[in-house]
Each structure stands twice: as structure tokens, then as C-alpha cells.
Amino acid sequence: MLTEPTVERIIAAVRSKLGDDGARISDSPRPFLGTWWPGTTSFEQELLSDYGVGGPSPEIERAFYDEVKAIQDSLAESQDEPTNPQQRMMMSLNLRAKALGIWEEIAIPVRRQEEQVFRILAPRDIMGSPIVQAIPVDQYLRGVSIRSAEDAARLDTLTREVSRWRWVSFVCGAIAILFLLWWLVA
């Protein structure tokens, strides 16, 4: 078996295969699960994905499949080709599962197409179709703006609390040192 490719090599290989300029594949692995989106996926969407039923945008799904295929091909280049047909099939399924996991780490799941913003989630089943959700651009921008303002306010509050606790710990430390010095002298 050849050496396992690093994430940076996979990103470079996928970008070269896709001709991506950074719009679909990020520079480094990031957990994009925290990306704002109104609500979560429904059971119905997950079930339809498990059975390979397509979503609202065939172009977005094709882009997803192209990205996963490019990741899978990059991973396959570092593998020795097994001779046994069963091993080949298992290797192919394992590469697909690994490619889906890597896609979740390096792909940017929010895409814009015309006046819609789409969020792509990898399927739960390796043979399933991606879960694609769509909302209008205006609604997405409004939601992201509100979330950014809330995050900034929360960050400001947390910064003040950290500063307050830093002073409390400094005062407690100074009192403890003074008490220790008094005890040693007495």
C-alpha cells in the first residue's frame, strides 16, 4: 500500500481536477456544520436522500458528485489496486465513504445559484443522494446578518466576563501570596 495522502494534497488534487478557484473547496479542513441555516433537515429529506431521490437543483447535485468523485480519485491514486473482485468492490465502497467524510471537511456547503442559496449535506448512506436545501438569497442574507450581530454581542459579553474573571483571579492570587508571606514571616 502506498502512503496515505495528507488533507493538503487532497485539497490540491481536487482543486486541480475540478479547476476550482476556491469557490467550492476550502483552503484547509474546517467544520462547516456551524454555518448558519434556518432549521435542520427533516426526516423526509434524509429518507429521500437515503433512497437516492434528487433535490431541488440537479446542477448542485452534479457539482457534489463531481467533488466527491475527485476526492475519491485522489484517494485511489494512493492505493494499490487489489486483484480480487470482492476486495476491489470493498475498496471502492470504503473510498466512497472516506471521500464523503473528507468532502464534509473540505467542501464549502453553501452555494449561490441565481437568486437561491443552497446548502448541501452529504448523504447518510454512501449510495444516497446529497441533501440539498434552498432558500432565497434575501432570506439567507437577513439570517446571516442577524446571526452575525447576535454573535458580536455575545462575543462582547464574553470578553467582558473574561476580563472580570481575570481581575478576580489576579486579586485572589495577590491575597493568597500576601497571606503566604505573612504566614512564613509569622
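Start with two helices. Select α3 (residues 58-76) and α4 (residues 85-106): their axes come within 8 Å and cross at roughly 120°. Axes here are lines fitted to C-alpha atoms, for helices over the stretch in contact, and angles run from 0 to 180 degrees between N-to-C directions. Helices (H or I, at least four residues) and strands (E, at least two) are DSSP runs, numbered from the N terminus.

Before moving on, note that this is a predicted model: local features need pLDDT of at least 70, side-chain atom pairs count only at pLDDT 80 or more, and totals for chains, interfaces and linings use all residues. Residues are numbered from 1 along each chain as its sequence is written, and side-chain values use heavy atoms, with hydrogens and water left out.

**Stop 1: α3 against α4**

The crossing angle of roughly 120° makes α3 and α4 oblique to each other. Angles under 35 degrees count as roughly parallel, over 145 as roughly antiparallel, 65 to 115 as roughly perpendicular and the rest as oblique. The crossing of α3 with α4 is right-handed. A crossing is left-handed if the near helix is turned anticlockwise from the far one by less than a right angle, and right-handed if clockwise.

Now show the side chains. On α3, the contact residues are Phe64, Tyr65, Glu67, Val68, Ile71, Gln72, Leu75 and Ala76. On α4, pick Ser92, Leu95, Arg96, Lys98, Ala99, Leu100, Ile102, Trp103 and Ile106. Contact means heavy atoms within 4.5 Å. By class, this α3 and α4 contact has 12 nonpolar, 2 polar and 3 charged residues. Ala, Val, Leu, Ile, Met, Phe, Trp, Tyr, Cys and Pro count as nonpolar, Asp, Glu, Lys and Arg as charged, and the others, Gly among them, as polar.

**Stop 2: α1 on α3**

From α1, select Ile10, Ala13, Val14, Lys17 and Leu18. They meet Asp66, Glu67, Ala70, Ile71, Asp73, Ser74 and Leu75 in α3. This contact has 7 nonpolar, 1 polar and 4 charged residues.

**Stop 3**

Go to the loop between α2 (43-50) and α3, and click on Gly55. Buried means under 20% relative accessible area, exposed over 50%, partly exposed in between (1.4 Å probe, protein chains only). Draw a distance from Gly55 to Ala99: their C-alpha atoms are separated by 21 Å, and the residues lie 44 apart along the chain.

Ser57 is found in the loop between α2 and α3. At 1% relative accessibility, Ser57 counts as buried. Which residues does Ser57 touch, not counting residues up to four places away in sequence? Ser57 touches Gln113 and Phe118.

**Stop 3**

Two strands pair if DSSP finds at least two bridges between them.

Select β2 (residues 116-121) with β3: they pair in the antiparallel sense over 6 bridges. Here Phe118 stands opposite Ala134, and Ile120 has Val132 as its bridge partner. Switch to β1 with β2, which pair in the antiparallel sense over 4 bridges. The bridge partner of Arg111 is Phe118, and that of Val110 is Arg119. Now color β2 by accessibility: 5 of its 6 residues are buried, so β2 is largely enclosed by the rest of the structure.

**Stop 3: the hairpin turn**

β1 and β2 form a hairpin with 2 residues between them. Click on Glu114 in this turn. Glu114 is not a glycine, yet has a positive phi of about 55°. Most residues other than glycine have a negative phi. At 70% relative accessibility, Glu114 counts as exposed.
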